[in-house]
Amino acid sequence: MAEESTDNKMSRRQFLKNSGYVAGGVVGGGIIGGLVTNQFQSGAPTQDQSQQEGGQATQDFSRALTYFSRREDFDVLSQMTELIYPSDDNGPGAIELGAAFYIDKQLSGAWGHNAREYMQGPFHEGEPTQGYQSRLKRHELIFQGIQKVKQYSQSNYDASFLDLEEEQQIEILTAFENGEVEIDGAPNEQFFALIRAATLEGVYADPLYGGNRNMDGWRMKEYPGNKMSYINEIDSGEFYDEEPSSLNAHMDQ
Amino acid sequence: MAEELEKVDVVTVGVGWTGGIIAAECAKEGMSVVGLERGKGRSIDDYYMIHDELRYAIRYDLMQDVSKETISFRNAPDQRALPMRQMGSFLLGQGLGGAGVHWNGQTHRFLPYDFEIRSQTIDKYGEGKIKDGMMLQDWGITYDELEPYFDHFEKICGISGEENPYSPRSNPYPTPPMKDTPVTDRARQAAENLNLKPFKTPSANLSEQYENPDGKTINACQYCAFCERFGCEYGAKTDPTITVIPTAQETGNYELRTHSNVVEVLHQDGRATGVRYVDVLSGKEYIQPAEVVVLTSYVMNNTKLLLVSDIGTPYNPETGRGNVGKNYCYQINAGSTGFFEEEQFNTFMGAGSLGICVDDYNGDNFDHADLDFVHGGVGSVTQTGQRPINTNPVPPGTPSWGREFKEKSIHYFTRHLGIGFQGASMPYRYNYLDLDPTYKDAYGVPLLRMTYNFTDQDKNLHKYLSQRATEFVKEMGADVATEAEELGDYNIVPYQTTHNTGGTPMGDNPDNSTVNNYSQMWEAENLFVVGASTFAHNSGYNPTGTVGALAYRAAEGIIRYSKEGGSLV
């Protein structure tokens with residue numbers, strides 16, 4: 001669950017190596033979440049500054065829910081993202097990176113409501129080569145899928161999904177991945193495929209969307225994020241080992 | 001009731017590369033030109049937040065809003081076509097500059113072989129080489145005739161490149177090739193070891209600042225890695241909004257109207273009289289009369305507008321009659337990915353056209369006598385700038401989520417290199433475009449229906465090129481090489497390429513083609529159809545160089561037609 005995995009220790013092998021904290025500071029532009037509410041406030045203090053000063057995180061007002069109405073549903077989603085992208089020696093997992101908050105924000109917006117997609121009928125089941133043909137919008141599919149995860153856990157393990165051992169949770173996700181659980185109105189495999197794709201977005205999208213907390217997804221992958229130019233480095237044989245920066249860097253200018 | 005506007009000399013439907021080129025050339029001649037663009041205007045000022053993988057590369061911010069208009073798709077005529085509800089296999093453009101804004105800038109020329117593919121295939125291999133159902137045709141123009149137009153388009157763009165031994169040129173490239181990097185050095189070395197002839201990708205991301213013959217300046221590329229699916233905030237990737245469109249505007253003879261979606265080409269007695277369009281903001285309808293109507297949208301809408309306007313003869317795959325909707329082609333992606341344990345590469349840096357190409361397996365540059373396919377494809381090792389959401393490379397057998405997936409996708413993100421071949425695509429009898437009987441767009445116009453599948457030609461070519469790719473990746477020093485899986489049915493979901501072609505093919509006579517080699521329609525002489533929709537087949541290259549050349553020739557034809565009238569051939 002979210003609260004259990006929010007430790008922010010920087011003690012892991014690979015992550016330490018990649019992290020700017022070791023080198024004694026984070027170059028401007030980095031920020032932990034918060035951007036959705038903070039990006040238009042000029043001079044708002046960044047999370048990085050407060051961490052450097054006292055190790056205390058400033059309050060992150062964007063960590064609340066725009067789509068989910070039940071806490072349990074959000075917690076099930078959070079745990080699913082963590083199973084897809086777990087915390088390990090490389091660094092934080094999806095929960096700590098804020099992937100579930102990212103997905104919650106996306107579900108209440110244009111993507112969750114398929115706003116830029118053709119959603120006119122008639123709807124027919126097609127061949128797999130014809131792509132998504134369901135009348136369900138993404139938010140409906142994910143909401144329904146989460147209810148199915150809870151029900152499947154109760155009927156097969158006689159326990160809440162959140163109370164199961166990790167191996168049991170992985171078994172459940174595997175059943176959904178393989179399309180073994182009936183989803184109404186859409187091919188069974190679609191639900192898990194959507195959660196997987198959204199989790200990777202939440203881990204690796206610019207932190208302005210509420211995930212990839214502190215750009216730590218990028219750090220693990222040694223991806224430098226938004227840099228304006230590599231003209232001086234592109235022909236070098238040295239691996240580029242600089243602190244990442246996000247689009248927030250442009251707002252600071 | 002549509003409001004009728006004052007007649008102009010030329011109206012273009014769509015304002016990307018082709019609409020911009022036609023506008024610039026005709027307006028320079030003093031002709032009055034109106035450009036109708038369904039999307040919004042855009043310029044470098046719009047790219048302040050462009051380094052955003054999610055917004056632009058995953059959510060397609062610069063691309064077509066398919067809630068308003070899409071296509072329907074099926075693999076074969078006996079299937080029910082269903083709408084492409086989300087973009088995937090290819091990414092349609094929308095807005096000023098069209099897909100010319102979010103291209104990578106790889107600017108090849110089609111081969112001499114391409115334009116005479118039918119004659120040359122028969123001459124060398126006999127009629128039997130052309131398999132049943134393969135509708136191979138010559139284009140009605142030769143490479144030598146088209147060379148000056150290639151040369152001019154490359155000068156307008158300022159293309160950075162070096163000589164490709166298979167692509168004869170009258171002049172050197174306008175600017176030197178892009179920088180060498182550890183990745184391109186390695187690819188060049190591997191190619192030389194394999195006795196291939198490597199050359200730097202001809203690039204519209206310029207190696208140095210350049211002023212084109214129209215007096216437009218294109219800046220030097222910064223290798224920031226955001227080309228494909230993005231606009232360039234430096235004005236260093238040549239696109240229509242920094243070249244031909246302002247060139248047209250500066251003449252004083254050009255009027256650009258954005259948010260203007262054309263729904264019909266009006267015509268009478270075999271002549272186009274103008275177009276009907278909707279102002280998508282106000283909902284008002286207008287008629288724009290014109291002496292010459294030029295279709296300059298993408299492959300899909302060029303074909304769709306002819307079909308919905310009942311101009312020309314729709315292609316019928318059963319009888320073989322008709323030429324509108326015929327010869328729809330695509331491409332295949334063959335290739336191989338290599339994983340490296342000991343080395344790490346700066347593959348998140350780059351530019352859309354930074355890379356090394358080999359043309360030794362393209363066209364008829366290699367002998368096909370004992371091969372079960374025609375044509376081939378260019379092989380490219382590119383350093384276009386890899387991004388973390390879309391790039392999660394894992395060796396075969398790795399799960400697609402969980403601990404092992406995370407570990408390996410992180411590890412190999414900067415430890416993999418590959419070579420990709422763009423395999424050419426031949427026209428087939430049952431691969432075609434017509435109108436969907438059920439589904440409509442936001443303006444009540446039927447969707448274009450695509451019937452398409454890969455053929456044995458595609459599958460055989462794919463297999464051959466992928467084997468060459470694996471040899472190449474091993475030569476680059478990969479510890480593990482993973483070859484592209486064998487080609488199955490065409491699937492509209494995963495991204496493959498936005499190199500769609502055909503629908504209004506070019507040829508040397510009205511029996512096998514929609515337009516002549518000036519892109520002038522055989523069945524309506526004041527109607528020109530410009531762009532990759534006129535390709536008679538698709539070659540093994542990025543298409544824009546050839547699109548640009550054909551557009552400059554079309555512009556010359558329109559200017560001549562406006563003085564002389566009649567058929568230009």
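Let me start with chain A: 54% of its 253 residues are buried. Keep in mind that this is a predicted model. Eleven helices and zero strands make up the secondary structure of chain A. Along the sequence, the pattern reads α-α-α-α-α-α-α-α-α-α-α.

Now contacts in chain A. Take pairs at least 6 apart in sequence: 65% of those contacts join residues at least 24 apart. As for surface, chain A exposes about 11,000 Å². Carbon and sulfur atoms supply 47% of that area.

Next, the nonpolar cores. The largest has 139 residues. Which members touch the most others? They are Phe90(B), Met450(B), Phe472(B) and Leu527(B). Helix α11 of chain B, residues 544-564, gives this core its largest share, ten residues.

On to a loop residue. Thr498(B) sits in the loop between β20 (480-483) and β21 (501-503) of chain B. Is Thr498(B) buried or exposed? Its relative accessibility is 17%, and the cut-off for buried is under 20%, so Thr498(B) counts as buried. Beyond neighbours within four places in sequence, Thr498(B) is in contact with Phe90(B), Leu91(B) and Tyr298(B). Phe90(B) we met already, in the largest nonpolar core. Then there is Gly93(B). Thr498(B) and Gly93(B) are 405 residues apart along the chain, yet 9.6 Å separates their C-alpha atoms.

Helix α9 of chain B covers residues 403-412. Its buried residues are Phe405(B), Lys406(B), Ser409(B), Ile410(B) and Tyr412(B). What do the buried residues of α9(B) pack against? From chain A, the partners are α9 (189-204) and α10 (216-221). From chain B, they are β14 (332-339) and β17 (416-423).

Last item: the second largest pocket. About 560 Å³ of space lies in it. Lining it are 26 residues. Which of them are closest to the centre of the pocket? One is from chain A, namely Arg116(A). From chain B come Gly39(B), Lys40(B), Asp61(B) and Gln94(B). By class, the lining divides into nine nonpolar, seven polar and ten charged residues.

That's the tour.

Technical notes
Residues are numbered from 1 along each chain as its sequence is written. Chains are lettered from A and ligands numbered from 1 in the order in which they are written. This is a predicted model: local features need pLDDT of at least 70, side-chain atom pairs count only at pLDDT 80 or more; totals for chains, interfaces and linings use all residues. Side-chain values use heavy atoms; hydrogens and water are left out. On a 1 Å grid over the protein atoms alone, a cavity is a set of points where a 1.4 Å probe fits but cannot get out, and a pocket is an open set with protein on both sides within 12 Å along at least five of seven lines; lining residues have an atom within 4 Å of a point. Grid points are joined across faces, edges and corners, and a volume is the space filled by probe spheres set on the points. Ala, Val, Leu, Ile, Met, Phe, Trp, Tyr, Cys and Pro count as nonpolar, Asp, Glu, Lys and Arg as charged, and the others, Gly among them, as polar. Buried means under 20% relative accessible area, exposed over 50%, partly exposed in between (1.4 Å probe, protein chains only). Helices (H or I, at least four residues) and strands (E, at least two) are DSSP runs, numbered from the N terminus. Contact means heavy atoms within 4.5 Å. A nonpolar core is a set of buried Ala, Val, Leu, Ile, Met, Phe, Trp, Tyr and Cys residues joined through side-chain atoms within 4.5 Å. Accessible areas come from the Shrake-Rupley method with a 1.4 Å probe; for residues, only the protein chains shown count as cover.
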